[in-house]
Amino acid sequence: KKVKQVTKSWAHLNEQKPIWMRKPEDVSDAEYASFYKALSNDWEEHLAVKHFSVEGQLEFRAVLFFPKRAPFDMFEGANKKKHNSIKLYVRRVFIMDNCEDL
C-alpha cells in the first residue's frame, strides 16, 4: 500500500528589518525617500527626517518626516477632523492608525 506524504515548506518573503528598527546610520537617503513616498502618497521627497530612539521608563524608536509643502487643507475650519497619520506599533505589530491621544 502506498502512503502519500505531504510536506510544506515556508520561506520568508521579507527578511529586511523595518526602517524604524534599524540604526539611522544604516539607512540610506533613498530608503528614507521611498518609505516616505509609500507612506504619505506624496509625489515629492521629504524636506527633513528625524530618526531617533528613546530609552528610559518607556522605550521606543521613531522616524518623523517633514514634508516640503504644507497640506492644502491646513487652514480649513475646525469642523473637519484632522488625521495625524501617526501609526502605533507595539512589539512590531500594527495596533492603531489614527491614535487620538497622540
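1. Basis of the note. The model is predicted, so local features need pLDDT of at least 70 and side-chain atom pairs count only at pLDDT 80 or more, while totals for chains, interfaces and linings use all residues. Residues are numbered from 1 along each chain as its sequence is written, and side-chain values use heavy atoms, with hydrogens and water left out.

2. Overall layout. The chain has one helix and four strands, in the order α-β-β-β-β from the N terminus. Helices (H or I, at least four residues) and strands (E, at least two) are DSSP runs, numbered from the N terminus.

3. Surface and burial. The accessible surface of the chain is about 9700 Å², and 54% of it belongs to carbon and sulfur atoms; these areas come from the Shrake-Rupley method with a 1.4 Å probe, and for residues only the protein chains shown count as cover. Of the 102 residues, 15% count as buried. Buried means under 20% relative accessible area, exposed over 50%, and partly exposed in between (1.4 Å probe, protein chains only).

4. His46. This residue lies in strand β1 (residues 46–54). His46 counts as buried because its relative accessibility is 14%. Apart from neighbours within four places in sequence, His46 is in contact (heavy atoms within 4.5 Å) with Tyr32, Ala33, Tyr36, Phe65, Phe66 and Lys68.

5. Salt bridges. Side chains of opposite charge can pair when their charged atoms come close. The whole structure holds two salt bridges, each defined as a side-chain nitrogen of Lys or Arg within 4 Å of a carboxyl oxygen of Asp or Glu. Arg22 and Glu31 form one of them, at 2.8 Å from N to O; Arg22 is buried at 15% relative accessibility, whereas Glu31 is partly exposed at 25%.

6. The pair Arg69 and Glu44. These two residues form a salt bridge whose closest N and O atoms are 3.1 Å apart. Arg69 lies in the loop between β2 (60–67) and β3 (88–90) and Glu44 in the loop between α1 (29–40) and β1, so the pair ties together parts that are 25 residues apart in sequence. Arg69 is exposed, with 56% relative accessible area, but Glu44 is buried, with 17%.

7. Nonpolar patch. Val90, Val93, Ile95 and Met96 form a nonpolar surface patch with about 320 Å² of accessible area together. Patches are made of residues with over 30% relative accessible area and no salt bridge, like charges being joined within 9 Å and nonpolar side chains (Val, Leu, Ile, Met, Phe, Trp, Tyr) within 5 Å. Strand β4 (residues 93–96) gives the most to this patch, with three residues. Ile95 itself is partly exposed, at 47% relative accessible area.
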